[in-house]
Amino acid sequence: EGGFAMMWAGARSNYGITKGQVAYEVKLVENLNVDHLPAEEMTTHVLRVGWSASTTSMQLGEEALSFGFGGTGKASTDCKFIDYGQQFTAGDVITAYIDYEMDEDEVYFSFAKNGDELGVCFQEKKSNLEGNAMYPHILTKNVSFEVNFGQQEEPWFEVKEDFVMIDKVPLEDRVRGIAPPAKKEECEIICMVGLPGAGKTY
């Protein structure tokens, strides 16, 4: 509602991986109504799907160690955008793959749209990952979506041979991300206070 329709929202999974051939799926369910936005707001509905290290921001694809593919048909890492695959929108399912096994020195990131493989999108030297686990990561703007990590009885679309859904990876082979405080007493809240333009962010 209101100005919130101009904001992006990112989410990263609790568990990542450092080996194997792993996948997960995201279904873009609906493009939400944003008729109240001004005409100059060009990018109204976006879903970006991919993988990132837990040390990166929630803006998927806009830092190193953050790899995303968006509905505009663009893929990005470190704020470098390239044409890749196809555009997608409401009703489409994107499968995100990560492959540590194909090459001894490289990690491969690829995607599929509604089961159709789109080819390798990124390849990154394992040494550049510096031991960081890669976590499923989604960035959205004015869309609703569903995620299948493997908890469903069947995937929306068949995954590539030799790949497993991340939910099927044994817990001991996954890497737990940053955990929240165990008790409310351990929480801390930081608030910025000041009038607009008063310099509080400096």
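Me: Leaving aside neighbours within four places in sequence, which residues is Leu47 in contact with?

Reply: This is a predicted model. Contact here requires heavy atoms within 4.5 Å. With neighbours within four places in sequence left out, the contacts of Leu47 are Val26, Leu28, Phe69, Gly70, Gly71, Phe88, Ile138, Leu139, Thr140, Val143 and Phe145.

Me: Which element gives the largest share of the largest nonpolar core?

Reply: The largest nonpolar core has 31 residues, and Leu47 is among those that touch the most other members, together with Ile17, Tyr24, Trp51, Ile98, Phe109 and Met134. Two or more residues each come from strands E3 (21-31), E4 (46-52), E5 (66-70), E8 (93-99), E9 (106-113) and E10 (116-125). The largest share is four residues, and the element that supplies them is E3.

Me: How many residues are in the second, separate core?

Reply: Ala112, Val159, Phe163 and Met165 are included in this second core, which is separate. Its residue count is six.

Me: Is Cys79 buried, partly exposed or exposed?

Reply: Cys79 sits in the loop between strand E6 (74-77) and strand E7 (80-83). Its phi is positive, about 65 degrees, although Cys79 is not a glycine. Buried means under 20% relative accessible area and exposed over 50%. Because its relative accessible area is 45%, Cys79 is partly exposed.

Me: What does Asp162 count as, buried or exposed?

Reply: Asp162 belongs to the loop between strand E12 (143-148) and strand E13 (164-165). Asp162 also has a positive phi, near 80 degrees, in a residue other than glycine. The cut-off for exposed is over 50%. Since the relative accessibility of Asp162 is 58%, Asp162 counts as exposed.

Conventions
Residues numbered from 1 in each chain as written. Predicted model: local features only at pLDDT ≥ 70, side-chain atom pairs only at ≥ 80, totals over all residues. Heavy atoms only, no water. Buried < 20%, exposed > 50% of the residue type's maximum accessible area, 1.4 Å probe, protein only. Core = buried A, V, L, I, M, F, W, Y, C linked by side-chain atoms within 4.5 Å.
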